[in-house]
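This report covers strands, salt bridges and surface charge. The model comes first, then the details.

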Amino acid sequence: MLRAWMKDNKTKKWSIGLQFVQFQKNSSHHRVIGRSPYKALFGNDPKVGLATSNLPIEILQKLVTEEDLEEIYKEDIQSKIEKITVQCNVCGTECCMETDSAEAILCNLCEKNMKIKEVRHLGAIGIEKQAEKMLQDSKIKIPTFKVGDCIVIPVPKVDRGPADPANIIGVVIDQKNDLNRIGTEHGVLKGWYGSGNIQSATSNFIDIEQVNKTKEMSLREIVSSLTGGQGFFNCYCKGKCQTKKCACFKSNLKCNSRCHNSQACLNK
């Protein structure tokens, strides 16, 4: 958010933008507590400008200058309402209230404090529910595997294209220190995988004998070999893409939709 603010305002003075970013985060809706952090702390949404004030809309529309606002505050806009002096049932402070609402005797400060306590209580309930959910997720047992088990490896989005598979099938070929070495028909995956990073397959789709142990490949390379697609190469050429300056042509690959929209391209 801070980087976006600096870009929008075309400035490098990040310290100035901290207050705006902080206000934006504190006034945004929080999924866990069910309200913004500002409202959870103060009991009401943040007030910015006259639009969020208690002034009626018809009065706001008439305001033009600051003098107009001062005149309104000087006037007693509720002078026609009969008020009586009563004592707050909570703090004992004397306050003026309308005769119709004299039964529930609470001063403005006590009423606001009660509202804040209620909002904070609801926020605490949301946090407790989230904590219970996290605790339940942590109790899920990580499956254990043995050599020869057929497994499924989820492929991160950064390692696959739109047409590439979201998972690849492999088999555990070796184990060391609770880590698994995974093999596929196209080669052995580089590195070792923990049990939490792989999933058990529904059936034995591949055996250890089918693993190509002569090659050691990364997850991205295996995904590309599975689809046989263009891969992750793209260029931004404006010409015919017939020289090695073009990344696709240099790799003996055809240009694709991720590349340019040049009509002159002949590498298609």
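## A salt bridge within a helix

Asp 137 is partly exposed, at 42% relative accessibility. Buried here means under 20% relative accessible area, exposed means over 50%, and partly exposed lies in between (1.4 Å probe, protein chains only). Lys 133 is also partly exposed, at 47%. The side chains of Lys 133 and Asp 137 form a salt bridge, at 3.4 Å from N to O. A salt bridge requires a side-chain nitrogen of Lys or Arg within 4 Å of a carboxyl oxygen of Asp or Glu. Both residues lie in helix α6 (residues 108-138), 4 residues apart, so about one helical turn separates them. Helices (H or I, at least four residues) and strands (E, at least two) are DSSP runs, numbered from the N terminus.

This is a predicted model: local features need pLDDT of at least 70, side-chain atom pairs count only at pLDDT 80 or more, and totals for chains, interfaces and linings use all residues. Residues are numbered from 1 along each chain as its sequence is written, and side-chain values use heavy atoms, with hydrogens and water left out.

## The other salt bridges

The structure holds 3 salt bridges. One of them joins Lys 146 to Asp 149, at 3.3 Å from N to O. Lys 146 is exposed, at 54%, whereas Asp 149 is buried, at 19%.

Arg 181 pairs with Glu 216, with the closest N and O atoms 2.8 Å apart. This pair links distant parts of the chain: Arg 181 sits in strand β5 and Glu 216 in strand β9 (residues 216-217), 35 residues apart. Arg 181 is buried, at 18%. Glu 216 is partly exposed, at 47%.

## Strand pairing around β5

Strand β5 (residues 179-183) is mostly covered, with 4 of its 5 residues buried. Strand β4 (residues 167-176) runs antiparallel to β5, and 5 bridges join them. Two strands count as paired if DSSP finds at least two bridges between them. Arg 181 in β5 is the bridge partner of Asp 174. The hairpin of β4 and β5 has 2 residues between the strands, and Asn 177 there takes a positive phi near 55°.

β5 also pairs with strand β7 (residues 193-194), antiparallel over 2 bridges. Here Asn 180 stands opposite Tyr 193. Strand β3 (residues 150-154) pairs with β4, antiparallel over 5 bridges. Pro 154 has Asn 167 in β4 as its bridge partner.
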